[in-house]
Amino acid sequence: MKKIEAVIKPFKLDEVREALSELGVSGLTVTEVKGFGRQKGHTELYRGAEYVVDFLPKVKVEVVVASSLLDAAVEAIIKAAHTGKIGDGKIFISTVEQVIRIRTGETDETAL
């Protein structure tokens, strides 16, 4: 099993969720986050004063999938989150050793 963490632009969340649902991904976790990379930040004018916004709002989507579904899920995220502009985000993939559904005690892929 693999865990995919994708940091994307907030307005792309619905497209990413729909793309993953079409693959049969039944659940995911979404967190509102802030960060910066090459996009850096930008300056804004507020009440006549200029200030720098260092951290930009992003959304982190976390999903655990069967290893056989990994490539399709990553491709779906890339296609759905892509705008072609700086700040589209990043995808991190890691191995998950075990999953346990608390309610039923199911383990591994049956718990997904």
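Mentor: Start with the naming of helices: a helix is a DSSP run of H or I with at least four residues, numbered from the N terminus. I77 is found in helix α2. Keep in mind throughout that this is a predicted model.

Trainee: What is the mean pLDDT of the protein, and where is confidence lowest?

Mentor: The mean pLDDT is 91, and 95% of the residues reach 70 or more. Confidence is lowest in strand β3 (residues 42-46), at a mean of 68, and highest in strand β1 (residues 2-8), at 98. Where pLDDT is low, the predicted coordinates should not be read in detail.

Trainee: Why is I77 called buried?

Mentor: Buried means under 20% relative accessible area. I77 has 1%, so I77 is buried. Leaving out residues up to four places away in sequence, I77 touches I4, A6, V16, L20 and I91.

Trainee: What makes the buried residues of α2 one face of the helix?

Mentor: Take the list: L70, A73, V74, A76, I77, A80 and A81 are the buried residues of α2. Seen down the axis of α2, they fall within an arc of 160 degrees, so they line one face. An α-helix has 3.6 residues a turn, so residues three or four places apart point the same way. The face turned away from the buried side of α2 carries the exposed residues D71 and K79. Among the elements covering the buried residues are β1, α1, β5 and β6 (89-95).

Trainee: How does the length of α2 compare with the span expected at 1.5 Å a residue?

Mentor: Helix α2 (residues 70-81) has 12 residues and reaches 16 Å from its first C-alpha to its last, close to the 16 Å expected.

Trainee: What puts the buried residues of α1 on the same side?

Mentor: The buried residues of α1 are V16, A19 and L20. They cover an arc of only 95 degrees around the axis, which puts them on the same side of α1. The cover over these buried residues includes β1 and α2. After α1 comes G24, with a positive phi near 100 degrees.

Trainee: How do you know that A19 is buried?

Mentor: The cut-off for buried is under 20%. A19 has a relative accessible area of 16%, so A19 is buried. A19 lies in helix α1 (residues 13-22). Beyond four places in sequence, A19 touches A76 and A80.

Trainee: Which residues have the most contacts inside the largest nonpolar core?

Mentor: They are I4, I8, V16, L20 and I77, in a core of 18 residues. The elements that give two or more residues to this core are β1, α1, β5 and α2. The largest share, 7 residues, comes from α2. As for I8, its contacts beyond four places in sequence are L13, V16, K58, V59, V61, A81 and D88.

Trainee: K12 is a lysine; why does K12 count as buried?

Mentor: Buried means under 20%, and K12 has 9% relative accessibility, so K12 counts as buried. K12 sits in the loop between β1 and α1. Leaving aside neighbours within four places in sequence, K12 is in contact with A80, A81, H82 and T83. I77 and K12 are 65 residues apart in sequence and 9.7 Å apart in space, C-alpha to C-alpha.

Trainee: Why is D108 called partly exposed?

Mentor: Partly exposed lies between the buried limit of 20% and the exposed limit of 50%. D108 has 31% relative accessibility, so D108 counts as partly exposed. D108 is found in the segment after β6. Phi of D108 is near 55 degrees, a positive value in a residue other than glycine.

Definitions and conventions. Residues numbered from 1 in each chain as written. Predicted model: local features only at pLDDT ≥ 70, side-chain atom pairs only at ≥ 80, totals over all residues. Heavy atoms only, no water. Buried < 20%, exposed > 50% of the residue type's maximum accessible area, 1.4 Å probe, protein only. Contact = heavy atoms within 4.5 Å. pLDDT = per-residue confidence, 0-100. Expected span 1.5 Å × (residues − 1). Arc of directions from axis to C-beta. Core = buried A, V, L, I, M, F, W, Y, C linked by side-chain atoms within 4.5 Å.
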